[in-house]
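Hi,

Here is the structure I promised to pass on. Please have a look at it first, and then read on for my notes.

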Amino acid sequence: MSTSNTDNAGWAERNTHNTKRLAVWTGAWLVTMAVAVYGPQLVWESNPTLTLLALAANLIVGTGMILANKTHLQGLDELQQRIQLDAMALALGVGLVVGLAYSTADITNLIQFDAEISHLVMLLGLTYLVGVLLGRRKYQ
Amino acid sequence: MKNRLKVLRAERDWTQAQLAQELEVSRQTVNAIEKGKFDPSLPLAFKAARLFGLRIEEVFQDD
């Protein structure tokens, strides 16, 4: 059993490495997002060139984050992948249904404030988190 | 699907973590398979059978 321990320990290490890599890309993406949002307001006062550069950096780093997430998911074992798939399906479904209902409520003036995309992102994040927790509990 | 993973593991005095390491899955996945909460894919089932030196039907049985 111990003959291939080194190789097998590599699987867990690879997963840890992929998770850390995803965390770094996500952190970097958040920073570029903050720069693109607050830069024009607080630092360079609506210089369109700098805003465009900040947005381009945000898109490039965002692409890196997407690829890091893909690598992370592909490195998981089959049960972990199923939990992730179920959680993402739940988040996508809830996001689509509630997001469009929320938008309709705004368009029809059923709500007195504007429907913000950030609300949808928060809903997606929370639903995904709940989905992962439910999945982990289901297979405990 | 039923399986004898827990018995076979116990016979060899392996922990779930050790078996998980050999199968290149998480300990939670081994636990879920042992409890019958998750059916492994064919490649993983064959890998487990190979590890124990048994045929796949000696490890996994249909309900």
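Predicted model: local features only at pLDDT ≥ 70, side-chain atom pairs only at ≥ 80, totals over all residues.

Chain B contains 5 helices and 2 strands. If you walk along the sequence, these elements come in the order β-α-α-α-α-α-β. In terms of extent, the C-alpha trace of chain B spans about 25 × 25 × 20 Å along its principal axes.

Two percentages may be handy for you. Of the 63 residues in chain B, 27% are buried. Among the contacts in chain B with a separation of 6 or more, 49% are between residues 24 or more positions apart.

Now to the residue I wanted to show you, B:Asp63. You will find B:Asp63 in the segment after β2 (60-61) of chain B. Is B:Asp63 buried or exposed? B:Asp63 has 5 other C-beta atoms within 10 Å, and 12 or fewer counts as exposed, so B:Asp63 is exposed.

Which residues does B:Asp63 touch, once its neighbours within four places in sequence are left aside? The contacts of B:Asp63 are then with B:Met1 and B:Lys2. B:Asn3 is also worth a look here: B:Asn3 and B:Asp63 are 60 residues apart along the chain, and their C-alpha atoms are separated by 9.5 Å.

Best wishes

Terms used
Residues numbered from 1 in each chain as written. Chains lettered and ligands numbered in written order. Helix = DSSP H or I, 4+ residues; strand = E, 2+ residues; numbered from the N terminus. Buried ≥ 20, exposed ≤ 12 C-beta atoms within 10 Å, placed from the backbone. Contact = placed C-beta atoms within 7 Å.
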